[in-house]
Amino acid sequence: MLEISKVSYSYGGNSVFSDVSLSVAPGSFYFLTGPSGSGKTTFINLCAGALIPEVGNIRVFGEETRNMSNYELSQMRRRLGIVHQNCEFLDHLSIEENIALPLTVAGMDNTKERANVLELMKWVGLDSKSNVKPQELSGGERQRLALARAVIMSPEIILADEPTGNVDWEMSQRLLTLMIELNKMGKTIFISTHDLSLIRLAKANVTARTLRISDLKLSQAGADL
Amino acid sequence: MSFMLNFWKSLLASPDHIQVVPNTGFTVWLTTFTAGAMSFVAVIGLAFSLLCAELSNRWGDSLKSASSIRLSAPTDLLEKQTSIALAILDQTKGVGSARLVGLQDKKKLLEPWLGFDFPLEAIEMPALIEIQETDVGVDYEGLRLRLSAELPSATLDNHSQWRQPIEVFAALISQLGMFTVALLVLSSLAMVSMAANAALSANIKVLRVLRLVGAFDAFIVTAFVRKFTSRVFVGSILGTFCAGIVLVLMPDFSENLGILDEVNLDLIDKIWLGTVPLIFVIISIFATRMAVKTSLKRLM
Ligand SMILES: Nc1ncnc2c1ncn2[C@@H]1O[C@H](COP(=O)(O)OP(=O)(O)OP(=O)(O)O)[C@@H](O)[C@H]1O
Ligand SMILES: [Mg+2]
């Protein structure tokens, strides 16, 4: 599903990864952790095809990101749900229109999918704010909005970069619960976080693996944390 | 070709109920106003250039088909020489009609200088034969040679020393007008490009978000092109309309001046003026496409 083999990446000589390999099976639940500046965002961007590895290659759904055209990258992104660390929306559109945006750009904006939008808004607890603009939302609400937009196309993989970055513990729990629900529906979940209690909580409910970035490498963290 | 077809199809058919490109207040008016002002100037420039072309044709035509022979001789010989000249002209190919200019006509010609009651018959005047050409045209060199052999007192004047400078001048003005219009179109292209780039850098986040949610580049390009081109089109239509009104009011002034009298734009010329908004739409599509594609490339 997601195949990373012998990948190295650096920003203008500043090495972030060297010779990293990982194979993500469908339906699995991963946490990615590491200190600030260790390369979590970089890793997510590599998986999303926004960055191309200098050495080695990354296969998403069996396709190498390096060889994808812009068109193929867009097609791939429709099967990926991406939640960025700093969520961005179209500020001139309402919450509802933002959630439906992936449908709109895919030309699938008909009544059947519209029903999904309403359901999703309820699911992330934003149904009372459907006509509000994104800049009027709190940090936690923005992250829920980003999650709703990421899953509207029912993607096979969800890549979330610090989805609980600026929310309190209670909201973190709610977001995690949403992720676990998605995983139980069969989605592959990949979450970067430095919140270890979140990982502990998750492990009490699902089988989740934890990866740690250190010294340019990716290592499997033990059960202890 | 099929690419263009698909492009137009997507331009007409893409979902319109959700505007993925925001209206960024100031640039909207700037774009619309610029397109309007440029269209106005383009239409006026084009109209003057076409009028000059028309004027040059008209002057050229009226002088082209006419020429004259002047005979200077003592009064007693004049009549005989005139009939010889008319006989020669009768045998010359391309001469439609040859007419001796009578005393009344001469009076009329000289009236502005001499006054209407000047006793013209009292002075010795050269005879003047006016020649109207047919479409075939007259071989003036041949005619001149023959006249110099048979009638040395005759002077042939085919107005070429008049006609040429006028024609050259009018053609020059007309070409200058066209050149100005071409420059204007190019600078409009540059201006629309700049406006599009400004709007894009204000909306770089929109590009990022659209990419993130899986929009194809073609969709993004179309969305921006639509937004922009509709503004340019509205501005251009307004500018062209205003210029049209100005042009409709023009002949009233020129009649009083007696200069552009009866020189009017014909239907073909008016159709040319009507294409100005179309040209601006094409410019806008082209410029916006380039700008969006460049921004998307930079985003990678
Ligand atoms: N666009 C960039 N240009 C140059 N260097 C960059 C760029 N983005 C990230 N880096 C560098 O790469 C390293 C990894 O950055 P990254 O954003 O992946 O870290 P992170 O683990 O996500 O950090 P955080 O937990 O703070 O979000 C950092 O040292 C950072 O300075
Ligand atoms: Mg990060």
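**Close-up views of a predicted model**

View 1. On its own, ligand 1 has 630 Å² of accessible area (Shrake-Rupley method, 1.4 Å probe; for residues, only the protein chains shown count as cover). The protein covers 57% of that area.

**View 2. The shell around ligand 1.** Residues count here if one of their heavy atoms lies within 4 Å of the ligand. Among them are A:Tyr11, A:Val16, A:Lys40, A:Gln85 and A:Glu162. Helix 1 of chain A (residues 40-47) gives the largest share, three residues. Helices are DSSP runs (H or I, at least four residues), numbered from the N terminus. By class, the shell holds three nonpolar, seven polar and two charged residues. Ala, Val, Leu, Ile, Met, Phe, Trp, Tyr, Cys and Pro count as nonpolar; Asp, Glu, Lys and Arg as charged; the others, Gly among them, as polar.

**View 3. The interface of chain B and chain A.** Contact (heavy atoms within 4.5 Å) takes in 23 residues from chain A and 21 from chain B. About 2,100 Å² is buried between the chains, 65% of it on carbon and sulfur atoms. Buried area is the accessible area (1.4 Å probe) that two parts lose on being put together, summed over both.

**View 4. A salt bridge across the interface.** A:Glu88 and B:Arg208 pair through their side chains at 2.6 Å, N to O. A salt bridge needs a side-chain nitrogen of Lys or Arg within 4 Å of a carboxyl oxygen of Asp or Glu. The interface has two salt bridges.

**Notes.** Residues are numbered from 1 along each chain as its sequence is written, chains are lettered from A and ligands numbered from 1 in the order written. Local features need pLDDT of at least 70, side-chain atom pairs count only at pLDDT 80 or more, totals for chains, interfaces and linings use all residues, and side-chain values use heavy atoms, without hydrogens and water.

Note on methods:
Helices (H or I, at least four residues) and strands (E, at least two) are DSSP runs, numbered from the N terminus.
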